[in-house]
Amino acid sequence: MDRRDLAWYVDKTAQWVIFAGGISAIVFIVGIFIFITKEGLDFVLGPLNLGEFFTSIAWRPTSNNPTYGALALIVGTASVTGFAMLLSVPLSLGAALFIAEFATGKTREVLKVLVEMLAAIPSVVWGFVGMSIMHPLIMRIFDVPLGLGVLNAGLILGLMAAPIMTTIAEDALKAVPDAYREAAEALGATRWEVIFKVVIPASRNGLLAAVLLGVGRGFGETMAVLMASGHAINIPTSPFDSVRALTATIASELGDTVRGGDHWGSLFTLGILLFVVTFVINLTADIVVRGIRKK
Amino acid sequence: MVDGVGQEQPRSANFGPLYEGPPIIEVRDLGISYGGKPALRDASFDIYRHEIFGIIGPANSGKTSFLRALNRMDDFTTGMEVRGSIHINGKDVNDWRNLYALRSRIGVVFPLPVGLPLSVYDNVAFSPRLRGIRGKAELDEVVERCLTRAALWDEVKDRLDSLGSLLSGGQQQRLTIARALSQEPELLLLDEFSIAVDPVTTMRIEDVLKDLRSELTIVLVTNLVQQARRLADRTAFFLTGEVVEIGATEDLFKRKVQDERTTGYLEGRFG
């Protein structure tokens, strides 16, 4: 075999490996969807009452007369995620701007490493922080009987989502060619003008992706929310109220169910709901991004 | 005879009636280095109003560094140190307290076209807007005038809303020139503008530059010796940080040089 043959084989093999890698993402996502749907389908087509599912707060799957009202769980997830985003979006975009545009040399390197380390903290540790530090702190500061709730879970989730959002947003800002900055500077723009009129518009796709990744993180996070939210079925009326999230419900109840039973099926229905919402968020983002690009 | 480095006044016979009055740029003992590594040494020369001043020389000879020092881009380049002085209109560039005001009076065209990721219209309206011009009619007028002067208006007038970065390389470079003109600069700096531009567009841009000469002063850094010959009134030859020779372009190409290296470079023996 001469060298050209070898190169040809290497090239072909690499091509196939990369193709397989790319296609596997599709295979996995479709596979997960099929699995979840299959497990939940019997329940969805059988005992599920859609009206009850979306409007009732009575989630009593183990009662003699079981009811499957998921409204409180949906509101629980939404309120915690919303609160977390309120906190973490400005925080992480600000941090990303500082690291990418202002920090130099050592400061920049140290900050980057610290932020990435923050992203590596396991969620159960965050949950522990929520339970053992935030919980008494919130009780003392706000003089409330319970520190586990929307505020606690939202803070914890916000802190968890911030490092990832910061990292992605910083990458997006860094991906804007310096030539754009120099060109704008040469036109007499100040640094703020450069950032707000050139850098941010040029990187808005990446920034949007960062925010959505954060939303996805908040939506899908289980352990920390389970530990910090109080895990009580409840429609919150204040930030100190306990709530229960969709994910936490699945995690805490799945172990106690009969495989293939109604309760089992109902939990998978929650899974389908999570999946669909995530899908819609990503799709919306994609359409928005495309819309921006076309212009 | 040609003007040598350090000579205070260039020979007047080389200049037409356009070069009256004091120089627009006075460079004295200029040294530029990056982290201690010198890029330009002991440069002293003048550039006159309404001339096209060519700077030729091989890579790493300090041409671009000189341009960067002119509009004080060094402030944002880490490790870039500038010694000596540059006066523009008699005022030391380091005395400008508002750096952005200085930059806004100097138009810069970079080697690779940079269409900002904004619409064609917004690209040209960027600088006027920074100056506080908000009126639609006024902006429309500026955009049309600058694009016309940059020989681009006819090609883009129907798609002013499309992204500037989607234009072809040659169009983007003319967009960059239109953008520079929208600053209403006294001074236009061009840094190897034709690297990414086809020959036909290059000629069109060169024609534009010749027309602009009556309105402003142009410093043209180029690695194309023939381009300097076509455009520049005077040409400086930079070599590894040394200003080897400055003289009327015509003289240089007639081999009326002081330094043999100049002829060597012009004839393509090195560089």
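Analyst: First, a term. The bend at a residue is the angle between two fitted axes, one for the seven residues ending there and one for the seven starting there. Helices are DSSP runs of H or I, at least four residues, numbered from the N terminus. The model is predicted: local features need pLDDT of at least 70 and side-chain atom pairs 80 or more, while totals for chains, interfaces and linings use all residues. Residues count from 1 along each chain as its sequence is written, with chains lettered from A and ligands numbered from 1 in the order written.

User: Where does helix 6 of chain A kink?

Analyst: At Ala162(A), by about 30°, shortly before the proline Pro163(A). Helix 6 covers residues 150–174. Its 25 residues reach 34 Å from first C-alpha to last, close to the 36 Å expected (1.5 Å times one less than the number of residues).

User: Is helix 6 of chain A enclosed or open?

Analyst: Largely enclosed by the rest of the structure, because 23 of its 25 residues are buried (20 or more other C-beta atoms within 10 Å of a residue's own, with C-beta atoms placed from the backbone).

User: What describes two packed helices?

Analyst: The angle between their axes and the distance between the axes. Axes are lines fitted to C-alpha atoms over the stretch in contact, and angles run from 0 to 180 degrees between N-to-C directions. Helix 7 (178–186) and helix 8 (191–202) of chain A pack at about 155°, axes 10 Å apart. They are therefore roughly antiparallel (over 145 degrees).

User: Which residues of helix 7 of chain A make the contact?

Analyst: Tyr180(A), Arg181(A), Ala184(A) and Glu185(A). Contact means C-beta atoms, placed from the backbone, within 7 Å.

Methods. Helices (H or I, at least four residues) and strands (E, at least two) are DSSP runs, numbered from the N terminus. A residue is buried if 20 or more other C-beta atoms lie within 10 Å of its own, exposed if 12 or fewer, and partly exposed in between; C-beta atoms are placed from the backbone. Angles under 35 degrees count as roughly parallel, over 145 as roughly antiparallel, 65 to 115 as roughly perpendicular and the rest as oblique. Two residues are in contact if their C-beta atoms, placed from the backbone, lie within 7 Å.
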